[in-house]
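Please walk me through this structure.

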Amino acid sequence: MKMTFYGQFVAGEDQESIRPLIRHNRAFGVGSILDYGVEEDLSPEEAERKEMESCTSAVEREGSGTSKREKQYQAHRAFGDRRDGVISARTYFYANEAKCDSHMETFLRCIEAAGGASDDGFSAIKLTALGRPQFLLQFSDVLTKWRRFFHQMAAEQGKAGLAAMDTKLEVAVLQESVAKMGIASRTEIENWFTAETLGVSGTLDLLDWSSLIDSRTELSKHLVVPNMQTGQLEPLLSRFTEEEELQMTRMLQRMDILAKKAAEMGVRLMVDAEQTYFQPAISRLTLEMQRKFNTGKPLIFNTYQCYLKDTYDNVTLDVELARREGWCFGAKLVRGAYMAQERTRAAEIGYEDPINPTYEATNAMYHRCLNYVLEELRHNTKAKVMVASHNEDTIRFTLRRMEELGLYPADCQVYFGQLLGMCDQISFPLGQAGFPVYKYVPYGPVMEVLPYLSRRALENSGVVKGAWRERQLLWQELKRRLRTGSLFHRPA
């Protein structure tokens, strides 16, 4: 295995054995994003059982209440094995709190390894490894309903169809609408929308709206959504048992411990994206870490999956929030890892497909989001983006836009990322040309990374076909830029 698949896609068994590869890559200008690649080898039945148990609340399991979550945010047995149809991402299944602590310790060692290997490394984490996924489902459901309620109010005010950042509600009209619904008393409504929380503009945008359930406040009092049928505000956390609330708190504590260790070691922390039914919560919790830790430079990077229809809105909202609050925006842009699974789940369960309709639409979304962030980088030297792509057109698009916008490799604002063992014809020419480029570097014992390896080998089969053509095209592009001197030198 070490001479074949393992040697191709995995750096080594432990922190010590991966050092030669990291040093070798660094000599060619290629950094590392360390990721401990061990994955539990569960049967589909065992994975399904664990998922159903960990995504269902105590109330639902006891049969004393039905789930009030929308279909998308409920556990469904047919999709209990989240590995099904996924070839490019590791999957964690919740067992107990001790196992989550064990995952946290693994991530801590990974952060230490990244800090010890270089002074500019990254480490990747997944939030489903750190806590009970039921909390992510419930929180995602609340965040989605809360945003939808905003758009319902916007439609009432004749502002449907505007871009997320351009939609502003008249507060006085909104208060009147909410009062008519009988959702809350006039006093409560006025307390929601005060000058202290919203300023004095008289309007409310989606960022203001989201701040009403900001987790920096007392979470249990603010995580509420209006039930349009009953006319009541339904609090989220009141449906948690004491043990479930403790599990949620421990998840947040583990995230905090990892971020503090990353800050201590000088390592950037990459929070991976996951399935859409977890993602609103993952993005929101990552944003909370960014607020706390991205003060002088981006330490925490959020991941945006560009095959999703709402990615541009999410990117623009988060960039604007970073501007307003004064923290440093850090992002990784990917196309996404769960397309087949997400499409099938939406069709079978009966909710809107969250994925862009075509490959071309996903490419357009990626380039639109990337262009927006690159424009931000031109004006904001502390913001950073990682272009995590194996796509030749995306790399060329990025190089061209960097040149047009005056973004230079030496500024280290734009990073490139590819997987170890894949697309070296992109990574190494970029590194040798002076661009900050990183390999996603899995490591771990041979037998324990086999589940990861089996999927990586499948994914690589399609990439290899275009490798020679991509190498030729990319070299042509880089040589042209070397000839013009645009890669290294600022204009006088």
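Gly330 stands opposite Lys384 in β10. This is one place where strand β9 (residues 330–334) meets β10, and the two pair in the parallel sense over four bridges. Pairing here means that DSSP finds at least two bridges between two strands. Helices (H or I, at least four residues) and strands (E, at least two) are DSSP runs, numbered from the N terminus.

The model is predicted: local features need pLDDT of at least 70, side-chain atom pairs count only at pLDDT 80 or more, and totals for chains, interfaces and linings use all residues. Residues are numbered from 1 along each chain as its sequence is written, and side-chain values use heavy atoms, with hydrogens and water left out.

Stay with β10, which spans residues 384–388. Five of its five residues are buried. Buried means under 20% relative accessible area, exposed means over 50%, and partly exposed lies in between (1.4 Å probe, protein chains only). In a regular strand the side chains alternate between the two faces of the sheet. In β10 both faces are covered. Lys384, Met386 and Ala388 are buried on one side, Val385 and Val387 on the other.

β10 also pairs with strand β11 (residues 414–419). Four bridges join these two strands, which run parallel. Val385 has Val414 of β11 as its bridge partner. Together, β10, helix α17 (residues 392–405) and β11 make a right-handed β-α-β unit. A crossover is right-handed if, with the strands pointing away from the viewer, the path from the first strand over the helix to the second runs clockwise.

Now go back along the chain to strand β8 (residues 300–305). Six of its six residues are buried. Ile300, Asn302 and Tyr304 are covered on one side, and Phe301, Thr303 and Gln305 on the other. Strand β7 (residues 268–271) pairs with β8 in the parallel sense over two bridges. In β8, Phe301 is the bridge partner of Met270. The chain crosses from β7 to β8 through helix α13 (residues 279–293), and this β-α-β crossover is right-handed.

β8 pairs with β9 as well, in the parallel sense and over four bridges. Thr303 stands opposite Lys332 in β9. Here the chain crosses through helix α14 (residues 311–325), again as a right-handed β-α-β crossover.

Next, a helix. Which residues of α7 (residues 171–181) are buried? They are Val171, Leu174, Gln175, Ser177 and Val178. Seen down the axis of α7, these buried residues fall within an arc of 165 degrees, so they line one face of the helix. The arc is that of the directions from the helix axis to the C-beta atoms. An α-helix has 3.6 residues a turn, so residues three or four places apart point the same way. On the other side of α7, Ala172 and Lys180 are exposed.

Look at Ser177 in α7. Its relative accessible area is 16%, so Ser177 counts as buried. Leaving aside neighbours within four places in sequence, Ser177 is in contact (heavy atoms within 4.5 Å) with Met153 and Glu156. The side chains of Ser177 and Glu156 make a polar contact at 3.4 Å. A polar contact is a pair of N or O atoms within 3.5 Å; within protein, one must be able to donate a hydrogen and the other to accept it, and residues adjacent in sequence count only if both atoms are side-chain atoms.

Arg345 lies in helix α15 (residues 339–349). Is Arg345 buried or exposed? At 3% relative accessibility, Arg345 is buried. Arg345 and Gln72 are 273 residues apart in sequence, yet 8.5 Å apart in space, C-alpha to C-alpha. The side chain of Arg345 reaches the backbone oxygen of Gln74 at 2.9 Å. That side chain also makes a polar contact with the side chain of Tyr351 (2.9 Å).

Asp120 sits in the loop between α5 (97–117) and β2 (122–125). At 21% relative accessibility, Asp120 is partly exposed. Leaving aside neighbours within four places in sequence, Asp120 is in contact with Arg26, Arg268 and Tyr438. With Arg26, the contact is polar, side chain to side chain, at 3.1 Å.

Last, the cysteines. Cys100 is buried at 3% relative accessible area, and Cys110 is buried at 1%. A disulfide is a pair of cysteine sulfur atoms within 2.5 Å. By this rule, the count is zero disulfides.
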